[in-house]
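Subject: Handover of the structure

Hello,

I am passing this structure on to you. Please open it first, then read my notes below.

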Amino acid sequence: MSIDLKQLKYFLAVAEEKSFSRAAERLHISQPPLSQQIMKLESELGVRLFARTTRTFELTVAGKALMGEAADMLARMRMTIDTIRQIDRGEVGRLRVGIVGSAMWGPIPSLLEQFQTKYPSVTWTLHESGPNVQYEALRAKQIDVGFWREPKLDEDDLKNDHLRQELCFRENVCVAVNEHHRLATLPSIELTDIRDEPMLTLALDKSAFPRYLIQCCVKAGFQPAIFQEASEPQTLLAMVGAGLGVALMPETTSRIGWPGVIFLPIKTDPPSANLYITYTTQDDAPVVRAFLNILNPNAL
C-alpha cells in the first residue's frame, strides 16, 4: 500500500468542499489530476470514499471515517513540521550551562534573562563548577557551554578536543581588602602595594585563573605569600572581611557589597579577569547557536 500525504490532502479538500471543481480551485490544480489522485487513493484502500450520482455527492461510511482520521493526521504532521523547524531555530530543547560562581556577579544573569525571554520554550540549567570540571564535562557532552576566566586555553588543545573558546566579556581584577586595612581609603593602588600582605586565593589546583594571578604578581616583581586557599569566592570575601588577608578578585565582585570589604582598582596593568565561553564544535546544536547569537548577535 502506498498512500502519501498529498492524496490525503486532496481527499480532505474534496470531502470538505463536497465538490471536485471547488476542491480543485482551492488546491490550485486542475480537476483531472485531482480526480486521478482520489481514484488512486480508493484503489489503494480498496474502498469507495464517495457515493456519486448525477444529483448527489456524499461521503460513504468509509469516507466519513477517513475524513476524521485524515484531518487529525495532517494536523499532527503540521505540528511535527513546526516543531522540527523550531528545533532547527533553537526555539525548543535544553541548554546545560557550566559556570564559575564569580561569573554570576557580572553580566551572565542578564544574558540568561535575554535568552529566556527570546526562547521561552528552551529549558536551561546551570552547573556551577571550576574550569577543569567544566572542560571534562564539555568533552563528555554533559554540558553544552562553559564559562570561565583567564587564561585563554591553547588553541591546539581546544582543537584536539573539538572545542572552541571565545572571549565574551572583558573585565579587570581588583584588590579586596578589609575596610580597616591601611590601603582601604585609597581610590586605587598598584599591584605591588600588596607585596607583603597575606594572600587569600582560590584553590590553585582547581583552576588556571588563580595560578595566572600569581604569575601576574611575579611579573610585577614579587612572589605573593599565600596564606589560605578556598574553593568559592564567597569564602575568600568572608576571610577578607575578617581581616585575614587580601584577595585578587574580578571587579564585578564589588557588586555584591560584601560586609567589611573594600574593592580597590589597580592603576597600572591590572590583571585580566576576562570571561570566556567554551563549547563543542562536533555538534551543531541549534539551541547552542541560538544562545551564542544572544551573546554576540553579529557573529552568526
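A salt bridge here is a side-chain nitrogen of Lys or Arg within 4 Å of a carboxyl oxygen of Asp or Glu. The model is predicted, so local features need pLDDT of at least 70, side-chain atom pairs count only at pLDDT 80 or more, and totals for chains, interfaces and linings use all residues. Residues are numbered from 1 along each chain as its sequence is written, and side-chain values use heavy atoms, with hydrogens and water left out.

Salt bridges

The structure holds nine of them. In one, the side chains of R26 and E16 meet, at 2.7 Å from N to O. This pair links distant parts of the chain: R26 sits in helix α2 (residues 20-27) and E16 in helix α1 (residues 5-17), ten residues apart. Helices (H or I, at least four residues) and strands (E, at least two) are DSSP runs, numbered from the N terminus.

R26 also forms a salt bridge with E17, where the closest N and O atoms are 3.2 Å apart. A network of salt bridges links E16, E17, R22 and R26.

How open are these sites? Buried means under 20% relative accessible area, exposed means over 50%, and partly exposed lies in between (1.4 Å probe, protein chains only). R26 is partly exposed, at 38%. E16 is partly exposed too, at 40%. E17 is partly exposed at 24%.

Another salt bridge joins the side chains of R96 and D144, at 3.1 Å from N to O. R96 lies in strand β3 (residues 93-99), and D144 is in the loop between α6 (131-139) and β5 (145-149), so the pair ties together parts that are 48 residues apart in sequence. R96 is buried, with a relative accessible area of 15%. D144 counts as buried as well, at 16%.

Look next at α1 and helix α3 (residues 31-45). Their axes come within 9 Å and cross at roughly 110 degrees. Axes are lines fitted to C-alpha atoms, for helices over the stretch in contact, and angles run from 0 to 180 degrees between N-to-C directions. Angles under 35 degrees count as roughly parallel, over 145 as roughly antiparallel, 65 to 115 as roughly perpendicular and the rest as oblique. α1 and α3 are therefore roughly perpendicular to each other.

Which residues make the contact between α1 and α3? On the α1 side they are K6, Q7, Y10, F11 and V14. On the α3 side they are L34, Q37, I38, K40 and L41. Contact means heavy atoms within 4.5 Å.

S19 is in the loop between α1 and α2. At 11% relative accessibility, S19 counts as buried. S19 touches V14 and F57, leaving aside residues up to four places away in sequence.

The five-stranded sheet

Five strands form an open sheet with mixed pairing, in the order β9-β8-β10-β7-β11. Two strands pair if DSSP finds at least two bridges between them. β9 (225-230) and β11 (261-265) stand at the edges with a single partner strand each, so one side of each is left without a neighbour in the sheet. Neighbouring strands of this sheet are turned by 35 degrees against each other on average, direction ignored.

Strand β7 (residues 173-178) pairs with β11 in the antiparallel sense, over five bridges. C174 has P265 of β11 as its bridge partner.

Two helices go with this sheet. Helix α8 (residues 208-220) lies across β7, β8 (198-202), β9 and β10 (246-250), and runs at about 150 degrees to β8. Helix α9 (residues 233-241) packs on the sheet and touches β7, β8, β9, β10 and β11. The direction of α9 makes about 160 degrees with that of β8.

Cysteines

How many disulfides does the whole structure hold? A search finds zero. A disulfide is a pair of cysteine sulfur atoms within 2.5 Å. C168 is in none; the nearest cysteine sulfur, that of C174, is 19 Å away. C168 counts as buried, at 17% relative accessibility. The sulfur of C174 is 13 Å from the closest cysteine sulfur, in C217, which is too far for a bond. C174 is buried, with a relative accessible area of 3%.

Helix α10

Finish with α10 (residues 286-295). Eight of its ten residues are buried, so α10 is largely enclosed by the rest of the structure. The buried residues are P286, V287, V288, A290, F291, L292, I294 and L295.

Best wishes
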